[in-house]
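Subject: Structure handover

Hello,

The structure is below, with notes on what was found in it. Please read the notes alongside the coordinates.

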Amino acid sequence: MAKLTTLALCLTLLLVCAGCLNAVATDEYSYVIDIGVEKGETLPYRFIFMINNPSGGAGESASKENVTVIQAEARDLYEAIDTLAGSLPNQLNFARTTLLLFSREIAEDGKIPDLINLTYGKLKIRESCRVMIAASDIRPVFDGMVSSADPSMTKIKAHMAEYSDGTGFVPDATLGQMLEAFESKTHDVVIGYCGINTGALIQDMAGGDSYPYLGGAMLSEGQLKTSIVGSAVFADDRMVGILDGQHTMPIQMARGEFRSGRITMPYENGDLTLTLYKNGAPEIQVQDGEAVVRIGLEAALERPLRLPGTDRVTLEAAVAGFLSHQAEKVFSAVQQADSDAFGFGQTAVKRFSDMGAWRLYDWERAYRQLAVSFQFTVKLSHDPYDLALE
Amino acid sequence: MNLREGRSGVREMTAAALLAVVTNGLFAVNNADTYRSGNMQYLATVVAVLLCLLLLSVLERVMAARNAQSLDMLLTGSLGGVGGAAVGILVVGGLLLAAVLPMNRFLLILTRYVFVEEDLVEICLYLLPVIVLLAYLGLEALVRTSYLCIWPVALAFVAAILVTAPGYRVYRLFPLLGGGAPELLVHSLAALFRFLPAVAALLAVGNGAHGVRYAAKAGRWALGVGGAVTAAIQVCVGMTFTSDYLQQLPAPLYHFLMQVRYDHPTMRVDKLVLFLWIISGLLAAAFYVYAAALLYCRLFRARDVRPVAAVMAAMCTGAMLLLHFSSEGMTQTVSFLYRNAYLLLLLPLLLAAALGAVRKRKEVAWQN
């Protein structure tokens with residue numbers, strides 16, 4: 001009897017807890033799947049919402065016709081929502097918002113913190129929501145992301161995470177990571193940078209000419225007009241530059257967020273192409289104005305397949321040297337822009353046991369004078385590519 | 001007499017106390033104050049749990065020596081009828097406050113992130129009957145229900161730790177000592193209020209646990225396991241958010257759950273886990289309300305615990321609503337309560353233990 005009573009009580013508890021208050025049917029909502037923010041003409045900002053209207057009910061899959069873009073100029077997001085709510089047949093729902101896109105202009109002016117804060121939680125926008133910076137106007141970027149095969153952009157967003165893991169070319173940053181970096185002095189954030197692929201050059205802060213690309217430094221023409229270009233580098237809450245994919249890779253490696261990716265490097269009279277794999281966590285030491293970064297990688301040689309007269313040790317040293325040079329070049333560029341994109345502050349803070357001392361410590365000044373040495377250990381592996389050496 | 005104590009085993013009592021320890025350990029935290037000088041919550045938890053274990057051991061010895069089977073017997077035996085009742089009222093107040101604070105946090109989570117457009121009172125009215133019913137049914141039903149729910153709740157905590165693991169970064173815990181040893185002491189004392197109520201509640205319902213010895217045994221298990229779980233989750237939260245960020249979060253534990261990436265299959269786990277946490281919170285609140293009502297009945301010779309429990313549950317719900325009023329005065333009051341509420345329980349328990357020990361020594365000397 002006691003068991004029955006307690007079981008009945010548990011069931012009652014569950015019923016009470018799982019109930020709906022003021023339930024609204026799924027098809028009475030317009031789901032905002034992406035939010036874009038750029039400078040407005042009359043009011044400070046223009047908010048652009050890509051919305052999905054499941055007109056046939058919860059079970060209906062999205063079609064391209066159901067995805068629409070609406071926009072309003074306003075002083076903040078809540079004002080934009082209030083403005084738009086009056087001209088929509090359904091309630092706006094942000095529970096499925098998965099992408100926040102800011103224009104480059106807003107990011108460079110350091111306006112993002114004014115636009116975004118913790119009260120977004122009230123709209124049910126999660127901190128795991130992806131953030132990106134758009135090179136051009138937001139609306140064409142949104143239009144360029146939708147395809148008939150994937151109108152809700154679910155696949156392209158999943159692809160983004162895989163692309164980040166598989167290439168190391170682009171960071172997959174979230175709203176939470178961005179907000180943390182804005183508040184913290186231990187590191188600065190690096191965010192994915194996307195735009196309409198016009199084939200025009202981008203100004204890479206580490207030097208060199210870069211084209212918008214996917215999968216290597218080459219011009220591309222894909223199914224979508226919008227493509228990932230590289231990464232936007234921030235110093236505190238302000239965007240200070242752009243890095244192309246191959247220049248983003250050393251940052252990803254030093255932060256331990258690199259898994260695998262391909263590089264092409266000059267060797268003797270030609271080019272070598274290698275696939276790199278993470279080999280253990282990076283080690284970073286920061287002491288007395290000097291930092292040492294030790295990164296272990298495995299490498300598989302792809303092209304050329306045969307290198308007569310080259311031994312393994314020579315080639316490993318050459319690859320390590322090339323990667324060190326690349327990393328130093330990128331570090332020099334971000335350091336000049338006052339950005340701790342590599343996250344050396346995360347190691348520096350570990351030397352402090354007292355929060356007061358850390359807060360008083362002028363890490364930004366120390367970072368400006370930091371001398372960094374990158375030490376790569378490359379191990380050629382993955383048979384049968386070993387046969388490339390003779 | 002209708003005190004509805006019944007008879008419960010150590011495992012059931014441990015389950016009820018464990019839920020109370022973990023719920024209060026994690027949710028009765030004032031984030032703005034707690035993380036101002038860095039993150040040392042997990043250290044404060046360990047220190048506070050050790051202090052509580054020490055106090056429990058002292059109280060157990062004194063109560064055993066005085067043959068006091070529950071807290072009211074110790075209070076009246078050590079301080080006299082009037083003194084015991086006066087000091088006992090402080091303990092009753094402390095237990096009710098311990099029921100209010102975590103439920104207040106759950107209410108905040110529900111209104112901010114789940115039922116966003118709903119009225120606070122309406123949500124409160126869903127919580128009140130559950131607390132009343134559980135406390136009304138009495139100790140045996142309450143602890144047995146806790147025993148049934150302990151594994152789903154444990155699973156919810158394990159799920160929370162696992163699904164958020166990819167976001168853990170050790171550097172966020174640094175500087176490890178936060179504001180240093182003096183700050184650690186202040187936070188540890190404040191943290192006492194998260195664990196002392198479970199000790200006081202267990203001793204208050206000692207009769208239903210076959211005596212103080214078994215109640216203390218359940219308390220040791222609950223404090224040991226609950227303290228370890230609480231500290232472990234606080235370390236995980238500390239590896240997910242920096243202390244600067246934690247200060248601003250209204251509900252770090254729920255934000256902790258919402259870190260799961262959109263494209264991950266475990267994304268919606270947060271709602272399931274939250275509702276299991278709320279069940280744990282309701283059981284903990286009912287446990288404290290029942291213990292407070294029982295202590296009140298014994299001290300003031302009330303014959304039926306049920307109306308007292310119902311009134312106290314309603315008072316707790318009212319206090320939950322009151323704490324949500326946003327005003328400068330209320331913010332300061334809440335902050336004061338979080339910092340000093342441990343005194344409500346620590347002073348009466350220490351006083352009763354000290355006087356009880358001294359009087360016992362005198363009685364032994366007189367008999368000799």
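How many salt bridges does the rule find across the interface of chain A and chain B? The rule finds 3, a salt bridge being a side-chain nitrogen of Lys or Arg within 4 Å of a carboxyl oxygen of Asp or Glu. A:Glu180 forms a salt bridge with B:Arg172, with 2.8 Å between the closest N and O atoms.

This is a predicted model: local features need pLDDT of at least 70 and side-chain atom pairs count only at pLDDT 80 or more, while totals for chains, interfaces and linings use all residues. Residues are numbered from 1 along each chain as its sequence is written, chains are lettered from A and ligands numbered from 1 in the order in which they are written, and side-chain values use heavy atoms, with hydrogens and water left out.

Interface

Across the interface of chain A and chain B there are also 14 residue pairs in polar contact, both residues at pLDDT 80 or more. A polar contact is a pair of N or O atoms within 3.5 Å; within protein, one must be able to donate a hydrogen and the other to accept it, and residues adjacent in sequence count only if both atoms are side-chain atoms. On the side of chain A that touches chain B, the largest share, 8 residues, comes from α1(A). Helices here are DSSP runs (H or I, at least four residues), numbered from the N terminus. The contact (heavy atoms within 4.5 Å) takes 46 residues from chain A and 54 from chain B. About 4,400 Å² is buried between the two chains, 61% of it from carbon and sulfur atoms; this is the accessible area (1.4 Å probe) that two parts lose on being put together, summed over both.

Helix α12 of chain B

α12(B) covers residues 305–323 and reaches 27 Å from its first C-alpha to its last. B:Asp304 caps its N-terminal end, with a side-chain oxygen 3.1 Å from the backbone nitrogen of B:Arg306. Among the buried residues of α12(B) are B:Val308, B:Met312 and B:Cys316, where buried means under 20% relative accessible area (1.4 Å probe, protein chains only). Their cover includes α4, α5, α11 and α13 of chain B.

A:Ser339

A:Ser339 sits in the loop between α9 and α10 of chain A. A:Ser339 counts as buried because its relative accessibility is 0%. Its side chain reaches the backbone oxygen of A:Phe234 at 2.7 Å. Beyond its neighbours within four places in sequence, A:Ser339 has contacts including A:Asp188, A:Val240 and A:Tyr367.

Regards

Methods
Helices (H or I, at least four residues) and strands (E, at least two) are DSSP runs, numbered from the N terminus. Buried means under 20% relative accessible area, exposed over 50%, partly exposed in between (1.4 Å probe, protein chains only). The expected span of a helix is 1.5 Å times one less than its number of residues.
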